[in-house]
Amino acid sequence: MNMTGENTHIYLDHNATSPLAPCVLEEMNNVWRSTAANPSSQHAPGRQARKWIESAREEVIQILGGSTSSMAADNLLFTSGGTEANNLALTGFSDQYDVLLLSRLEHPSIIAVAEAMASENRHQVRWIKANQNGEIDLDDATSHLKDLAAQEKRVFVTCMLANNETGVVQPVVELAALARKTCGNTGCIIHSDATQAVGKIPVSLRELDVDLISFAGHKFHGPVGVGGLLMRVGLKPRPQLLGGFQQGALRPGTESVAIAVGMAKALNWWSSESAERKIRLTTLRDRLETKLQQQLPELVVNGGQTLRLPHATNISVTGIDRQQLVMALDFAGVACSSGSACASGSSEPSSVLQAMGLPKPIIDAAIRLSVGAFTTEAEIDEAVEKIVACVKRLRGR
Ligand code: PLP
């Protein structure tokens, strides 16, 4: 986009954020036009706003495989996005566990909390190893869990559902089953950061058999500034914000009705065409990888040997500096990144690729490309030409 709002770039950075879908904008505009009421107000406009937000909450819970039955309803707290949901999960339950178990594949909004906990000696923090495919090592997880169960420790297990840099889908079902079998239902709380997975692949609280799920609307063509923490019935975090009664006082503050409605709409839209969208995104991503590999045979796909999200790829052409390539592509009109959005722009090598144990030349060259619901085949073909031209220019041939 330039200053007048025209599209100047082929946008291949959907893992960072995704453009708002027109149907979502329309839904939000309806809400914004219709009322300025606070959903906690008792008058009729307030009650209408409450209806909207509660039906958005219910819709999201249902699509994410939670229960809305009045006998055992799971709960959804609207947050400002994935970072807040992750912080609320790890910190809000911290007086209900002794040990935090996770891997270095996690997003910085998880890693930073773990590191703060470790440095303040508040909790023991244990790290699960990752393999070269970019998945957690389940054998290593098993030995940690057995050891912790033998010590009767209460464990908080957190494992992302899909990685933000490689798109690799993690064995969360297997990990959750292991944790429950080893530590018992009361000995563990299981959280999954599904921020990259929601709106890309089916995500179900009950089928994954986890207790908590984090996600963010802007990753699936919904609005920025809203996300959620879905919680299994009965679970209650210690609030991190104080002074209000909204959302059961667990996450107080006036709810933004329009953006919550917008997120529900984006998820509903994905859900209504999920199978077809998955095929479309996979076809585009595979076209990108195949055409690049035809012209750059030395190109490697990091995490490409295992199950990945349909829309993302992480590639390295060794000898090319990732920062230079991202900048050259920006100049050529292709938007992509060299790692997670918050880390890009810095020259830090990817901690995810390091955790996978990949060689330095691969890490130094790695860039991330991700397509979205509005990406076209023509854009992919043009992007391939530009990427190949930039790589050749940076190589000096
Ligand atoms: N978790 C993962 C896996 C992510 O990819 C991101 C964002 O890139 C986040 C959490 C943070 O989400 P947000 O930017 O909405 O705070």
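The legends below describe close-up views of a predicted model.

**View 1. Residues around the ligand.**
The shell around the ligand has 14 residues, and Thr-83, Asp-193, Gln-196, His-218 and Lys-219 come nearest. Helix α3 (residues 82-92) supplies the largest share of the shell, with 3 residues.

**View 2. Polar side-chain atoms facing ligand oxygen atoms.**
In Thr-83, a polar side-chain atom lies 2.6 Å from an oxygen atom of the ligand. For Lys-219, the distance from a side-chain N or O atom to an oxygen atom of the ligand is also given as 2.6 Å. For His-218, the corresponding distance from an N or O atom of the side chain to an oxygen atom of the ligand is 2.9 Å. On its own the ligand has 390 Å² of accessible area, of which the protein covers 88%.

Thr-195 belongs to the loop between β6 (188-193) and α7 (205-208). The relative accessible area of Thr-195 is 10%, so this residue counts as buried, the cut-off being under 20%. Its side chain makes a polar contact of 2.5 Å with the side chain of Asp-193, and Asp-193 is among the residues that come nearest to the ligand. With neighbours within four places in sequence left aside, Thr-195 is in contact with Gly-82, Ser-214, Phe-215, Ala-216 and Lys-219. Of these contacts of Thr-195, Lys-219 is also one of the residues with a side-chain N or O atom placed 2.6 Å from an oxygen atom of the ligand.

**View 3. Ala-260 in helix α8.**
Ala-260 is part of helix α8, which spans residues 257-272. Ala-260 is buried because its relative accessible area is 1%. Apart from neighbours within four places in sequence, the residues in contact with Ala-260 are Ile-53, Ala-56, Phe-78 and Val-226. Pro-223 is 37 residues away from Ala-260 along the chain, and the C-alpha atoms of these two residues are separated by 8.5 Å.

**View 4. Ser-370 in strand β12.**
Ser-370 lies in strand β12, made up of residues 366-370. With a relative accessible area of 1%, Ser-370 is buried. The side chain of Ser-370 comes to 2.9 Å from the backbone nitrogen of His-14. Residues up to four places away in sequence not being counted, Ser-370 touches Tyr-11, Leu-12, Asp-13, His-14, Asn-15, His-311 and Ala-312.

Cys-188 is in no disulfide, and the nearest cysteine sulfur, that of Cys-183, is 5.2 Å away; a disulfide would need the two sulfur atoms within 2.5 Å. Cys-188 counts as buried, with 5% relative accessibility. Cys-390 is likewise in no disulfide, the nearest cysteine sulfur being that of Cys-336 at 9.1 Å. Cys-390 has 2% relative accessibility and therefore counts as buried.

Definitions and conventions: Residues numbered from 1 in each chain as written. Predicted model: local features only at pLDDT ≥ 70, side-chain atom pairs only at ≥ 80, totals over all residues. Heavy atoms only, no water. Helix = DSSP H or I, 4+ residues; strand = E, 2+ residues; numbered from the N terminus. Buried < 20%, exposed > 50% of the residue type's maximum accessible area, 1.4 Å probe, protein only. Contact = heavy atoms within 4.5 Å. Near = heavy atom within 4 Å. Polar contact = N/O pair within 3.5 Å; in protein donor to acceptor, adjacent residues only side chain to side chain. Areas by Shrake-Rupley, 256 points an atom, 1.4 Å probe, with all protein chains shown as cover.
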